[in-house]
Amino acid sequence: MPQTQPTSNRLPRAPIGLLLVPAHTHRPRQHSGATLPDWYGIHPQHVAHLIARYTRDGDTVLDLDAHPTIAAAARHLHRRTAVRHTQREAPSVPDEPHIASDAPSAGLVVATLPRLDVDSRDTPALSHAIDVWRAYLRPGGYLLTLLTAGPGTGTIGHRSSIIAAARAAGLVYHQHIPALLAPLPEAEPRTGLDAASRPPLLDGKHVRAHRDLLAFASTTPEATDA
């Protein structure tokens, strides 16, 4: 008799996206005329795409690192930018909107990991930090984490720890997006007749080829569309 009910209790896998290095050389500029920098290797065009994907018109984008490219992309898409503070802290930039720790109003919170004030190897401590960030989100909002290089953090182990910590904080693992830092080769090196060149090294280590983006939803996305 065929099985009509799934027998596995494992959570469904989050979909995977991929950000390729843009083929064009155009780079948007700030009001001062200077070109916008990459967001830890990610092109400003992709930053704007991510904000458009995870927010809606008029949403507030809270970037914990206050990166200029995040702010510029948010303003371009008619989103509001904000910096965080607690009731005990005075606003550091009076002209910027501020989000208090007890006001869940952001459509998107952006954070890089690891952080100096969070031990990414300590899952309970990481979960506590993510729970604080979750409190800033409106219902249906998203937390977007970018995994950068850090001491003692292997790529796969680090990613798994963050997913576990976010789930423990009550967030739904929504999507994994590898972002390439270098263009793909025109042809698969292993299919050529010539000997494949070795990957580039930096201080004896392989040069990082991509960064991982992990998106988490504050509630089940389908429920927010109802």
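**Helix H2 and some backbone exceptions**

Helix H2 covers residues 68–76, and its buried residues are Thr69, Ile70, Ala71, Ala72, Ala73 and Ala74. The model is predicted. Most residues other than glycine have a negative phi, and most peptide bonds are trans.

**After helix H2: His78**

- H2 is followed by His78, a residue with a positive phi.
- The value of this phi is near 65°, and His78 is not a glycine.
- His78 sits in the loop that runs between H2 and strand S2, which spans 80–85.
- Is His78 buried or exposed? His78 counts as exposed because its relative accessibility is 60%, and the cut-off for exposed is over 50%.

**Before helix H1: Tyr40**

- Tyr40 is also a residue other than glycine with a positive phi, here near 50°.
- Where is Tyr40 found? Tyr40 belongs to the segment before helix H1, which spans 44–54.
- The relative accessible area of Tyr40 is 34%, so Tyr40 is partly exposed; this class lies between the buried limit of under 20% and the exposed limit of over 50%.

**Between strand S4 and helix H3: Pro114**

- Which form does the peptide bond from Leu113 to Pro114 take, cis or trans? The bond is cis, and its omega is near 0°.
- Pro114 is in the loop between strand S4, residues 106–113, and helix H3, residues 123–134.

Methods:
Residues are numbered from 1 along each chain as its sequence is written. This is a predicted model: local features need pLDDT of at least 70, side-chain atom pairs count only at pLDDT 80 or more; totals for chains, interfaces and linings use all residues. Side-chain values use heavy atoms; hydrogens and water are left out. Buried means under 20% relative accessible area, exposed over 50%, partly exposed in between (1.4 Å probe, protein chains only). Helices (H or I, at least four residues) and strands (E, at least two) are DSSP runs, numbered from the N terminus.
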